[in-house]
Amino acid sequence: SQANFEEDGQEQPGVGHWKTLMPSKDSKEGPETGCQDAGGGEETQSTEQLNVSRLRSSSVEIREKGSEFLKEELHRAQKELKLKDKECERLSKVREQLEQELEELTASLFEEAHKMVREANTKRAASEKQLREARGKIDMLQAEVTALKTLVITSTPSSPNRELHPQLQSPSKAGFKKGHGRNKSTSSAMVSAVSQNVPPEPVSHECKEVDSILFAEFQAWKESPTLDKSSSFLDRIYREDIAPCLDFTKQELSELVRVAVEENTLTIEPVASQTLPVVKMSAEERSGPKKCALSGLPRTCKHRIMLGDSGNYYYISPSCRARITAVCNFFTYIRYIQQGLVRQDVELMYWEVMRLRREMSLAKLGFYPSEM
């Protein structure tokens, strides 16, 4: 047992030594493993460092690229913003220009519209005025036609109506009546015009003889009646009767009166019957109705004349009125002949023309009825 114990004791150290050899072996191998681990750790560490450096370099590179990209995007955005600012500025200018043009167009349209309205009002007023004048002329023509019809019915050559034929009355009453009013020159000669269908009878103790030259001129004019002065008939009457009868002291106004009589635009009105104020007054009539505008002499003026539609009134004396009326009566009668309203024998019409010429001559010499 002791041997066994010794054996066991010997074995135990052997076993214990074995055990210690194992650790020694382990310890022997341990450093190698440690070295190996240390080498692997360094490699791992270097790898990690390499990876970290790579990551760092990659991140730096990514950061730089990202920064460059952002800078490029920022630069591009700034460019686009500048372009948009310029575009906004251009559009703003375009809008301002369009607004200005719109305002100018609106103003021009309003101005044109107002102009058209004014022109339309002016034309309408002129048209209404012409319509009133035309209606007045129609009324006068209807009155004249009615008077002519009445004359034809109530008067015959064998028994003429002396009220409708002033030339059959005494010379002091022929052609003029008290309160004689005159509007247009066409209506002023009704007294002489109504005698066209009845042969005028000679005044007592008066003899007549036809002048062959004057009668031939009248016959030639009667074939083609006209108001042109080129005919020998009217040329003679202009020279011998009309021009002297309308030759007043105020030459300029006399010429205007002659033109108005020829164009049938002269108006004679009694002064007392006019209550409207005078719109315009000439220098001749500023002194009032006590001065004749045609002769320039201080005379009592019971009538005044207006030339056309001028609105200017001129006060005239009874003598000047008689001269103008005589010429108007002559023009009215030859207008009736021209229009074919006088249906008489040529010789009777000739004597009526001679009677009207005599009235112009007497008026030129200063003779006129007291009723004027």
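**Reading the model step by step**

Modeller: Gladly! Let us start with a loop: N264 lies in the loop between α6 (251–262) and β1 (266–270). Please keep in mind throughout that this is a predicted model.

Biologist: What is the phi of N264?

Modeller: First the general idea: most residues other than glycine have a negative phi. N264 is not a glycine, and yet its phi is positive, at about 60°.

Biologist: Is N264 buried or exposed?

Modeller: The cut-off for buried is under 20% relative accessible area. N264 has 18% relative accessibility, so N264 counts as buried. For the chain as a whole, buried residues make up 29% of its 372 residues.

Biologist: How many helices and strands does the chain have?

Modeller: There are eight helices and four strands. Reading from the N terminus, the order of elements is α-α-α-α-α-α-β-β-β-β-α-α.

Biologist: How do I read the way two helices pack, say α5 and α7?

Modeller: Look at the angle and at the distance between the axes. Helix α5 covers residues 232–245 and helix α7 covers residues 318–338; they pack at about 155°, with axes 9 Å apart. Angles over 145 degrees count as roughly antiparallel, and therefore α5 and α7 are roughly antiparallel to each other.

Biologist: Which residues of α5 and α7 meet?

Modeller: On the α5 side they are L234, I237, Y238, I242, P244 and C245, and on the α7 side R323, V327, F330, F331 and I334. Sorted by class, this contact of α5 with α7 has 10 nonpolar residues, no polar ones and one charged residue.

Biologist: And how are α4 and α5 arranged?

Modeller: Their angle is about 125°, and their axes are 8 Å apart. That makes α4 and α5 oblique to each other. From α4, the contact uses I213, L214, E217, F218 and W221, while α5 brings S232, F233, L234 and R236. By class, the contact of α4 with α5 divides into six nonpolar, one polar and two charged residues.

Biologist: Can we zoom in on E217? Which residues does E217 touch, leaving aside its neighbours within four places in sequence?

Modeller: E217 sits in helix α4, residues 212–223. With those neighbours set aside, E217 is in contact with S232, F233 and R236. At 15% relative accessibility, E217 counts as buried.

Biologist: How should I read aromatic rings?

Modeller: In general, a pair of aromatic rings is described by the distance of the centres and the angle of the planes. This structure holds eight aromatic pairs. One aromatic cluster is formed by F215, F218, W221, F233, Y350 and W351.

Biologist: Where do the charged ends of K229 and R304 sit?

Modeller: Each has a ring to look for. The charged end of K229 sits over the ring of Y238, 4.7 Å from its centre. For R304, the charged end sits over the ring of Y313, 3.8 Å from the ring centre.

Biologist: What share of the contacts with a separation of 6 or more comes from residues 24 or more positions apart?

Modeller: In this chain, such residues account for 73% of those contacts. Happy exploring!

Key: Residues are numbered from 1 along each chain as its sequence is written. This is a predicted model: local features need pLDDT of at least 70, side-chain atom pairs count only at pLDDT 80 or more; totals for chains, interfaces and linings use all residues. Side-chain values use heavy atoms; hydrogens and water are left out. Axes are lines fitted to C-alpha atoms, for helices over the stretch in contact, and angles run from 0 to 180 degrees between N-to-C directions. Angles under 35 degrees count as roughly parallel, over 145 as roughly antiparallel, 65 to 115 as roughly perpendicular and the rest as oblique. Contact means heavy atoms within 4.5 Å. Ala, Val, Leu, Ile, Met, Phe, Trp, Tyr, Cys and Pro count as nonpolar, Asp, Glu, Lys and Arg as charged, and the others, Gly among them, as polar. Rings of Phe, Tyr and Trp (its six-membered ring) pair if their centres lie within 6.5 Å; planes under 30 degrees apart count as stacked, over 60 as edge-to-face and the rest as tilted. A charge sits over a ring if NZ of Lys or CZ of Arg is within 6 Å of the ring centre and within 35 degrees of the ring normal. Buried means under 20% relative accessible area, exposed over 50%, partly exposed in between (1.4 Å probe, protein chains only).
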